[in-house]
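Please keep the sequence and the model in view while reading.

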Amino acid sequence: MQHPDARSQGIPLLTQGQDRGIHCHMPVKPKAVLKRDELSGSYQNKTTLSVFLDTSMSMEKKVVLITGCSSGIGLSLAVRLASDTSKVFKVYATMRNLAKKERLLDCVKGLHQDTLEILQMDVTDRQSILTARDKVVEKRVDILVCNAGVGLMGPLEVQSLDSMRHILEVNLLGTIQTMQVFLSGMKAQGQGRILVTGSTGGLHGLPFNEVYCASKFAIEGACESLAVLLQRFNIQLSLIECGPVNSDFLINLQKAELGDSSLQQVDGQTLSLYEKYLQHCSMVFQNAAQDTEDIVEVFLDAIHSTSPAFRYFTNSVMPPVTKLKVPEPDGMEYIKAMSKIIFADEDQ
């Protein structure tokens with residue numbers, strides 16, 4: 001149900017992500033490239049990249065491992081970092097199915113042999129993650145980007161246990177399992193960055209996206225909890241909260257289509273509401289979806305920042321409906337305060 005003030009303000013409440021897919025809160029499609037102001041948390045136009053400098057790694061490439069690189073945000077981010085003219089990044093682009101690597105190869109056109117490697121990695125398979133980690137030549141990962149994700153849409157009554165389990169295994173357990181594998185190395189080297197592709201669907205619920213939102217809400221809690229601890233190891237964790245994005249997420253989305261036999265068991269009123277929801281999705285994506293390059297700019301801002309925020313919104317501001325739940329858009333005040341409360345003795 002819409003918030004009582006939302007309709008009068010023209011605020012659509014649909015959302016999802018790449019997890020990147022079905023977020024529908026943007027009234028207009030942004031045209032400017034965005035850069036977050038470190039003090040205000042707002043975004044400004046950005047035309048150049050500034051590379052964050054770390055004295056211990058300034059003379060060697062920063063090793064980046066990205067999940068979910070067969071399309072969308074993961075592919076665009078991998079290409080952008082590998083194409084950086086200063087060649088400060090060595091990118092390991094991973095994907096579950098290497099048969100889909102041709103699209104990435106077409107984008108780089110063989111020009112980045114020294115800055116890009118493509119690895120097979122299934123985030124739901126721990127051994128696959130370990131194997132990918134062991135293939136990293138540098139034997140370290142400085143920046144981990146947990147981007148792999150899938151969506152599930154339709155009346156809850158028709159969702160099978162297997163479908164729901166798959167969403168949780170990829171979006172939640174897959175992300176956590178990936179961080180588990182790489183955390184010990186980052187702690188040992190005393191520094192690191194973790195970026196997670198989040199969703200405003202993890203900040204407020206959406207009809208017909210119950211399990212997807214559950215997985216993204218859980219990621220918010222896991223990342224916020226972990227960020228409190230990781231500050232003690234000089235490891236910064238950031239969530240990149242996406243709204244609607246033009247990517248293959250919609251193509252890969254598990255969705256109950258009108259006319260599917262599975263919907264025969266659903267009551268007429270629910271089917272009518274679902275049809276309206278699908279129409280709303282279509283309208284929002286036509287008018288409000290961001291391009292993957294817009295999203296990549298926000299990832300780059302977090303990567304290059306010397307003091308990254310915990311939470312970034314790709315639309316430059318927090319969705320109005322989300323403001324009803326999260327008083328501090330940046331999220332850092334909570335992280336700092338909780339860290340101080342729990343680890344006060346460490347600071348004395």
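Helices here are DSSP runs of H or I with at least four residues, numbered from the N terminus. The model is predicted: local features need pLDDT of at least 70, side-chain atom pairs count only at pLDDT 80 or more, and totals for chains, interfaces and linings use all residues. Residues are numbered from 1 along each chain as its sequence is written, and side-chain values use heavy atoms, with hydrogens and water left out.

The axes of H5 and helix H6 (residues 210-230) come within 8 Å and cross at roughly 15°; axes are lines fitted to C-alpha atoms, for helices over the stretch in contact, and angles run from 0 to 180 degrees between N-to-C directions. H5 is therefore roughly parallel to H6 (angles under 35 degrees count as roughly parallel, over 145 as roughly antiparallel, 65 to 115 as roughly perpendicular and the rest as oblique). Contact means heavy atoms within 4.5 Å. On the H5 side the contact residues include Met164, Ile167, Leu168 and Leu172, and on the H6 side they include Val211, Tyr212, Ala218 and Ile219. By class, this contact of H5 with H6 has 16 nonpolar, three polar and two charged residues. Ala, Val, Leu, Ile, Met, Phe, Trp, Tyr, Cys and Pro count as nonpolar, Asp, Glu, Lys and Arg as charged, and the others, Gly among them, as polar.

H5 itself bends by about 40° at Leu173, the bend being the angle between axes fitted to the seven residues ending there and the seven starting there. Just after H5, Gly190 has a positive phi of about 75°.

H5 also packs against helix H4 (residues 126-134), at an angle of about 40° and with the axes 10 Å apart. H4 and H5 are therefore oblique to each other. Arg126, Ile129, Leu130 and Arg133 of H4 make this contact with Gln177, Thr178, Gln180, Val181 and Phe182 of H5. The contact of H4 with H5 comprises four nonpolar, three polar and two charged residues.

A further pair is formed by helix H2 (residues 72-82) and helix H9 (residues 292-304), whose axes come within 9 Å and cross at roughly 60°. H2 is therefore oblique to H9, and the crossing is right-handed.

Conventions
Helices (H or I, at least four residues) and strands (E, at least two) are DSSP runs, numbered from the N terminus. A crossing is left-handed if the near helix is turned anticlockwise from the far one by less than a right angle, and right-handed if clockwise.
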